[in-house]
Amino acid sequence: MVKHEFFVSRARELRKSMTSAEILLWYKIRNRNLGYRFIRQYIFDDRYIVDFYCPEKRLVIEVDGGQHNENPADEIRDDYMQSKGCMVLRLWNNEVLQNLDGCLQKIMEVLRN
């Protein structure tokens, strides 16, 4: 139970300190704007906190900065979530900020499949 409480607390902190790219994307995908419900800072199996999660389509969206470039921990996370039947879509902060429409198109393509 302590582990879960830690993740709940951490998820709350992350919601309060979202990056500009995360905020921008959140305003476009929240409230079923794309036809599906998304949850931000979702606690995945009391193991990871993901930026955005669509339970209906089992889609995880991560919005990453440069610190995630070729990060082995991200590969482990992705493998774990994929082993649980999820699709993981990683977007770069600058990609979201400079080409939001293109990012939304990528998300819609995944949602349609």
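β2 and β3 make a hairpin with four residues between them, and Arg-58 in the turn has a positive phi of about 55°. Helices (H or I, at least four residues) and strands (E, at least two) are DSSP runs here, numbered from the N terminus. This is a predicted model, where local features need pLDDT of at least 70 and side-chain atom pairs count only at pLDDT 80 or more, while totals for chains, interfaces and linings use all residues. Residues are numbered from 1 along each chain as its sequence is written, and side-chain values use heavy atoms, with hydrogens and water left out.

**Strands and hairpins**

- β2 and β3 pair in the antiparallel sense over three bridges; two strands count as paired if DSSP finds at least two bridges between them.
- Phe-52 has Ile-61 as its bridge partner in β3.
- β2 is mostly covered, with seven of its seven residues buried; buried means under 20% relative accessible area, exposed over 50%, and partly exposed in between (1.4 Å probe, protein chains only).

- Gln-41 is not a glycine, yet has a positive phi of about 50°.
- Gln-41 is found in strand β1 and is buried, at a relative accessible area of 3%.
- Arg-58 is another residue other than glycine with a positive phi, near 55°.
- Arg-58 sits in the loop between β2 and β3 and is partly exposed, with a relative accessible area of 32%.

**Nonpolar cores**

- The largest nonpolar core has 22 residues, and the members touching the most others are Leu-25, Ile-29, Phe-38, Phe-52, Leu-59, Ile-61 and Ile-107.
- α2 (20–29), β2 (48–54), β3 (59–64), β4 (87–92) and α5 (100–112) each supply at least two residues of this core, and α5 gives the most, with six.
- A nonpolar core, by the way, is a set of buried Ala, Val, Leu, Ile, Met, Phe, Trp, Tyr and Cys residues joined through side-chain atoms within 4.5 Å.
- Leaving aside neighbours within four places in sequence, Ile-61 is in contact (heavy atoms within 4.5 Å) with Leu-25, Phe-38, Asp-51, Phe-52, Leu-89, Leu-91 and Ile-107.

**Aromatic rings**

- The structure holds six aromatic pairs; rings of Phe, Tyr and Trp (its six-membered ring) pair if their centres lie within 6.5 Å, with planes under 30 degrees apart counted as stacked, over 60 as edge-to-face and the rest as tilted.
- Trp-26 and Phe-52 form a stacked pair, 5.8 Å centre to centre and 5° between the planes.
- That pair links distant parts of the chain, with Trp-26 in helix α2 and Phe-52 in strand β2, 26 residues apart.
- Trp-26 and Phe-52 are both buried.
- One aromatic cluster is formed by Tyr-42, Phe-44, Tyr-48, Tyr-53 and Tyr-80.
- Arg-47 lies over the face of Tyr-80, at 4.0 Å from the ring centre; a charge sits over a ring if NZ of Lys or CZ of Arg is within 6 Å of the ring centre and within 35 degrees of the ring normal.
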